[in-house]
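The following note comments on selected local features of the model below.

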Amino acid sequence: MKNFFAGLLIATVLALGYVQQRVWLITLGYRVESLSSARDDLLDQYRVLNYNVLTLQSPVILDERLAKRDVQLTPPKAIEILPPRLGAHPPGRILSALPQSEPSWWKQALRQGTQWFEDGRQAVAEPAREER
Amino acid sequence: MLTAAQRTRLALAIMVFLMIAAALWGRLLWLQVLRPDHWVDIARRQHVQVLELPPLRGSILDRNRKPLALSLRLTSVFADPRHIKDAGSLARRLSPLLNRPEAKLLAELSRKKRGFVWLARKVPNQAAGRIRSMRLPGVHLVMETQRFYPHGYLASQVIGFAGMDSQGLEGLEMTCDRALKGEPGWRWLSRDARRRGIGAWETATVPPRDGLEVVLTLDTTIQYIAERALEEGYEKCRAKAACIVVSDPSTGEILALANRPSYDPNRFSRVTPDQRRNRAVTDTFEPGSVFKVVTAAVALGTGAVKPGDTFDCENGSYAVAGRILHDHQPHGVLAFRDVIAQSSNIGVAKVAMKVGADPLYRGIRAFGFGEPTGVDLPGEVGGTLRPPSQWSKPTITTIPMGHEVAVNALQLTQMISVVANGGFLVRPWIVREIRDPATGALVKSFRPKRVRRVITPETAAELQRILARAVEIGTGKQAQVAGFQAAGKTGTAQKLEPNGQYSHSQFMASFVGFIPAGRPVLSIVVIMDEPKFPYYGGVVAAPVFKRVAADTLAYLGYQSET
């Protein structure tokens, strides 16, 4: 009788463990699905923003914008061009040269607090569509 | 102790329970052991679906890997009208988000017999996000890719465009479609009762293979310089059409190729076929005096003429083969080099007669005329060049000055590159390499192709001097570039009327040249179709060459020669 109950207990524990495992798997499935969708969204946003930067850098678009505002550009004269060693550093190099440090605890707390208010108000990246 | 009646009732109850248990066990056996597949199939159909994973179409990049065409994923909205209860209210809510009239949406949503209707394709991400958060029953979102061209009209006829379903329809988008489109993947996705994805890590997944990147020989900056100069020239002379080709004469790489009229491939549905045509490849025309370069090359190459030989240009009027030839201005006796520099028709006709029909024809063929160049752009036509057996009596005097022969702008680029690179015919090409965007690995690369030697280096050097003279003191003065010696030849050809007569109001103005004259790095061909007066190649096409040459050399970092 003792063995029977012990066996029943073990079987019950194993069955509960199996059920719990399935529940975990399903919960993790939702999580994986949502993270995968978030990753895809972020990749899409990255591509859109990259495209917008390209559009902003395009000489054609720049020309059109300047023409709309009636701004005329002329190429610099030879004397006005700085040799590369004297020229400004690209922004990336300046930023990487700056000391990188973690934001202080109160800044992090403030950021987390404001995130609560910002919930659902994330900026959405849209591909730029120039009106020509 | 049970009575007999009680025992009977108990036995009946046990029998009933046993029968129920047997029925249940039997059903269980039937469901789980004897016919499990049927029910598993039904459950799978309800909960699991195959999800196609569309690939992202590959980008088209310039030689510095700047994107000229790329794909982004946007959301499209569709509905299943059978699951929509209040179509009117739904149409009212969706109309401002999808920017579509309410009545049209209502009409779509009311088609109860259909299980699928598009409500809007490729909507802004913000609108898609709002629709997603509304959780509207019967309304679904799906990701689709859309092609974008960040530089608008830049090289639009070269790149072409891809349609709504990411299918290449024109230009390189069409010819490189196999490499660009990629392969879709698929995965099993389990869905719960609310149709949320649960994840399907236990089942097979085939990831999509994104399209490959196509890297071109074009340089966005040089392309822009060429487009800007061409636009200015085209507007100024009010031409019907225009095109320009900038290439590296030693390798045949096309650095820029532009056409006018042009269009923005981001709005390809609104343009006419006329705007979409890559005229540099698809249009042939009688080249006029720029063709004298070939005549001069053949004359020098065959030894029929020496640079110092003189020709009587008959003071501008010469009766030959039943026709009277004219020069645009009268000349007396000119040295051979000045016959070319001053673009004398009479002088060139006499040179050609000295060369003879067969050697002239063979020489022209050697320059690649009469057959396509083999450029990797769609729709190239080879032009027309008849063999001497089909020539009429005056043909020996008209072909040398670019009549009775039809060429395209790329063939002229190939021709001038022969002179610039020391005598080799090089195939023009535009696709440099194909790469895998995921790994950056090179899938295929293309190399310059020297087709054959056409003229000797000495002949090429002599021609370079003659063409530099044409710019210095001849008809191409407006092609002079400050700080560099340019070389080239102008052309102004009368166009043929439909009745076969040469027009006196419609012309093809052109300039073919290279720079710097001594060690050429750029070959440039400018064609203006039907410019208004003054319609001369030296007036409408040469200034475009000048501007493109000056700006491109500055961009490439070449220091002034003087």
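Is Tyr234(B) buried or exposed? The points below begin with this residue; the model is a predicted one.

1. Tyr234(B) is buried, because 25 C-beta neighbours lie inside 10 Å and the cut-off for a buried residue is 20 or more. The residue belongs to helix H9 of chain B, which covers residues 220-237.

2. The surroundings of Tyr234(B) may be described at two ranges of sequence. Leaving aside residues up to four places away in sequence, Tyr234(B) touches Ala239(B), Ala242(B) and Arg260(B). Along the chain, Val544(B) is 310 residues apart from Tyr234(B), yet the C-alpha atoms of the two are separated by 9.2 Å.

3. Chain B also contains an open sheet of three strands, in the order S1-S6-S7, with antiparallel pairing. Strands S1 (48-53) and S7 (205-206) of chain B stand at the edges; each has a single partner strand, so one side of each is without a neighbour in the sheet.

4. The pairing of S1(B) with strand S6 of chain B (residues 185-190) is antiparallel and consists of six bridges. Within this pairing, Val50(B) stands opposite Trp188(B), a residue of S6(B).

5. In chain A, helix H1 spans residues 2-57 and has 56 residues. From its first C-alpha to its last, H1(A) reaches 81 Å, close to the 82 Å expected at 1.5 Å a residue.

6. How many of the 56 residues of H1(A) are buried? The number is two, so H1(A) lies largely in the open.

How values were computed:
Residues numbered from 1 in each chain as written. Chains lettered and ligands numbered in written order. Predicted model: local features only at pLDDT ≥ 70, side-chain atom pairs only at ≥ 80, totals over all residues. Helix = DSSP H or I, 4+ residues; strand = E, 2+ residues; numbered from the N terminus. Expected span 1.5 Å × (residues − 1). Buried ≥ 20, exposed ≤ 12 C-beta atoms within 10 Å, placed from the backbone. Contact = placed C-beta atoms within 7 Å. Pairing = 2+ DSSP bridges.
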